[in-house]
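Let's take a walk through this structure together, starting where two chains meet and then moving into one of them. Have the viewer open as you read.

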Amino acid sequence: MEKQWYTISVYSENHVGLLNRISGIFLKRHINIESLNVSKSEIEGVSKFTIVVFTTEDWTRKIVGQIEKQIEVIKAYYHTDDETIYQESALFKIASHLLFDERQIQNIIKEHNAQIVTVNREFFALAKTGRRHEIDEMHDALLPYGIMQFVRSGRITVTKAAMPISEILQEFQEN
Amino acid sequence: METLKAQKKDSKSQKAIRITGAEAIIHCLLAEGVDLIYGYPGGAIMPVYDELYKFQDKLTHILTRHEQGATHAAQGYARVTGRVGVAMATSGPGATNLVTGIADAQIDSTPMVCITGQVTRSLLGSDAFQETDIVGISTPVTKWNYQITKVEEIPEIMAKAFYIAKSGRPGPVLVDITKNAQFDELDFVYEKCTAVRSYKPVPKPKSSSIEKAAELINSAKKPFIVFGQGVILGEAEAELKALVEKAGIPAAWTILGLSAMDTDHPLNVGMVGMHGNYGPNMLTNECDVLIAIGMRFDDRVTGDLNTYAKQAKIIHFEIDPAEVNKNVKVDVAVLGNAKETLGQILPMLDKKEHKEWRAEFDKMYQIEYDTLINKDIYPTKEGLTMGEVIEQINVASDQKAVIVSDVGQHQMIACRYAKFKQSKSNITSGGLGTMGFGLPAAIGAKMGAMDREVVAIIGDGGYQMTIQELGVIFQHNVPVKIVVLNNDHLGMVRQWQELFFDRRYASTVMTNPDFVKIAEGYHIKSRRVTERGDLQEAVEEMMASKDPYFLEVKVEKEDNVFPMIPSGASVSDIRLK
């Protein structure tokens with residue numbers, strides 16, 4: 001079976017050991033987590049893990065089954081890129097003198113729709129939100145001029161289809 | 001914790017009592033109906049042991065000689081009773097010594113609650129004396145675990161622990177309790193847990209899949225059932241029997257499914273898997289509908305998946321959705337508790353006999369009997385066989401004993417030849433294959449079923465891994481019958497070395513001590529048999545004993561267990577010799 005990118009969305013209770021449990025499921029199958037984000041979700045008190053993996057659908061399905069089996073997990077889904085709207089964020093720290101010495105830098109900022117977050121005498125910080133390849137392109141464009149620091153966040157995703165967690169919780173309560 | 005709250009029943013009627021966390025733990029255990037626990041004290045769990053001392057009229061604590069023994073004893077107890085087994089240990093090495101038993105309980109779906117002491121909260125993460133991250137260590141091998149650092153958490157977490165361990169597909173739960181939480185006081189009220197918001201232990205059966213399954217079974221010409229421990233855990237033995245009899249379907253068991261159906265039932269065709277019976281393995285690849293009930297298509301059952309039952313439509317009755325399509329792609333999955341789903345499908349099934357199909361199993365059995373079973377259990381060669389010992393036990397116990405086995409050749413022989421008339425009677429380490437399981441598990445099994453005979457069948461290798469538990473048998477006069485089948489080798493590994501490693505017997509030859517003398521050292525009645533002529537009488541003497549009894553049988557050193565599906569081969573490549 002062919003490997004591709006899958007985004008796994010996990011709705012769970014906010015439990016201290018759960019990240020360890022979930023990461024262990026990937027670890028024991030040698031599946032690398034390409035990106036991980038944990039945040040609150042649309043439901044109060046419910047956390048959402050967004051995990052990106054590059055593997056086969058069969059493995060993804062089995063992993064989702066194992067994740068869903070964990071006591072604190074309410075529901076887990078997996079989706080392909082086509083089925084989701086997804087973004088990542090990045091921050092670039094660049095020496096301030098470059099902004100004046102290298103005219104091209106201002107063009108890069110404009111072309112890539114990046115934001116200047118802060119500027120001081122030593123450095124300025126740029127924020128860029130977009131898909132992985134868009135961030136990579138901006139990174140590559142800035143690289144020849146020197147990047148002091150670079151960081152990229154995990155992917156965050158909303159799906160085109162509904163994820164009816166409230167209904168599932170309701171059903172759990174009734175049973 | 002706010003989001004984790006278990007649903008609670010109306011608690012207005014209960015009055016809170018002001019007690020320490022340590023005493024609260026005892027009250028939680030009593031409220032869960034626990035009257036027997038296994039464990040080993042130490043610094044970080046001492047406050048709880050102090051309470052155990054005060055409550056010894058209500059709660060019996062058995063001091064095993066090693067924490068691993070406590071887990072296996074708790075497992076043996078759980079497997080024979082269907083109740084939650086409880087093991088307790090201190091922090092650090094006490095806790096880490098539990099890990100093998102926890103992993104065993106996880107893979108064999110055994111309900112168990114392990115309680116460990118932990119260093120006081122302020123010392124956590126400081127590499128304190130006997131501090132170990134047992135929650136981190138046990139995470140991959142527990143169904144759930146939790147570290148209590150505040151006394152107020154005790155009742156709720158303990159209630160959740162028992163609920164999670166027992167409900168749905170059972171498993172081990174570990175609760176780690178820091179010492180400060182044991183010393184501190186709380187206003188104690190206990191409410192049993194009946195639900196956890198994010199946890200759905202038993203999926204609701206879908207009538208559409210039950211109908212589909214019934215259609216497939218009714219139209220099958222060569223249906224074949226493989227049942228596992230799910231039948232025992234779901235207490236679906238009567239439903240299974242009714243289904244098998246009505247639809248006339250030959251049924252085989254996985255090693256953990258053994259005893260869910262009488263071994264002498266005419267439709268019980270034997271064991272599947274690596275050392276299972278010839279017919280069930282061969283005919284797996286000839287049936288047209290394979291009905292898997294409460295089993296998980298373990299690799300020791302399926303052999304090579306690419307050649308496993310490819311011709312058949314497969315129906316999977318299963319409680320755990322993660323097991324469906326995990327190893328074998330199925331045509332119909334019937335999720336739910338086996339008792340419920342089998343009960344629902346039963347009225348939809350046509351009455352059938354499948355005489356010709358059943359005759360194929362009989363034919364295969366005859367081949368297996370003539371080639372090896374006969375020689376295994378009624379040998380004429382000089383050396384004693386493991387099979388004849390098991391057969392003697394069948395006869396002397398009238399097939400009523402609980403048989404606890406360890407891991408290796410003797411285990412396969414015991415599971416092949418032991419006969420059962422009652423469920424929950426075969427206790428063995430199936431999934432993890434834990435050598436050393438047998439002796440402590442037999443102690444737990446006996447204490448869980450004092451009215452039954454419990455016979456532990458153990459090899460000379462595994463016996464020495466937990467031999468120290470003879471101390472428990474002696475101290476508490478636990479009347480288990482211990483049979484060591486001694487071939488002076490690690491027999492199963494030696495067999496593989498013979499067959500697949502050109503007889504290079506690397507570290508499988510054992511120079512053994514005098515096992516009879518060791519048993520005598522513990523004041524346990526004991527006997528050694530080296531001649532066939534003495535076997536029957538020795539087994540009878542053992543079974544008649546009211547006290548614990550140790551029997552060593554010197555068996556042929558280099559016997560092999562057959563049939564055998566070589567590792568990674570197809571079930572139909574099963575070898576009879």
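**Where the chains meet**

Chain B puts 18 residues into the contact and chain A puts in 23 residues, with two residues counted as in contact if their C-beta atoms, placed from the backbone, lie within 7 Å. On the side of chain B that touches chain A, helix H6 (134-138) and strand E6 (144-148) each supply at least two residues. Helices (H or I, at least four residues) and strands (E, at least two) are DSSP runs, numbered from the N terminus. By class, that side of chain B has 9 nonpolar, 5 polar and 4 charged residues; Ala, Val, Leu, Ile, Met, Phe, Trp, Tyr, Cys and Pro count as nonpolar, Asp, Glu, Lys and Arg as charged, and the others, Gly among them, as polar.

A word on the model: it is predicted, so local features need pLDDT of at least 70 and side-chain atom pairs count only at pLDDT 80 or more, while totals for chains, interfaces and linings use all residues. Residues are numbered from 1 along each chain as its sequence is written, and chains are lettered from A and ligands numbered from 1 in the order in which they are written.

**Chain B as a whole**

Chain B contains 23 helices and 20 strands. Its C-alpha trace spans about 70 × 60 × 40 Å along the principal axes. Of the 577 residues in chain B, 55% are buried, that is, have 20 or more other C-beta atoms within 10 Å of their own. Among contacts in chain B between residues at least 6 apart in sequence, 77% join residues at least 24 apart.

**Two helix pairs**

Now turn to helix H1 (residues 21-31) and helix H2 (residues 46-54) of chain B, which pack at an angle of about 55° with their axes 8 Å apart. Axes are lines fitted to C-alpha atoms, for helices over the stretch in contact, and angles run from 0 to 180 degrees between N-to-C directions. H1(B) and H2(B) are therefore oblique to each other, as angles under 35 degrees count as roughly parallel, over 145 as roughly antiparallel, 65 to 115 as roughly perpendicular and the rest as oblique. Residues that meet here include B:Ile25 and B:Ile26 from H1(B) and B:Val48 and B:Leu52 from H2(B).

In the other pair, the axes of helix H9 (residues 207-219) and helix H14 (residues 338-345) of chain B come within 10 Å and cross at roughly 60°. B:Ile210, B:Ala213 and B:Ala214 of H9(B) make the contact with B:Thr341, B:Gln344 and B:Ile345 of H14(B).

Terms used:
Buried ≥ 20, exposed ≤ 12 C-beta atoms within 10 Å, placed from the backbone.
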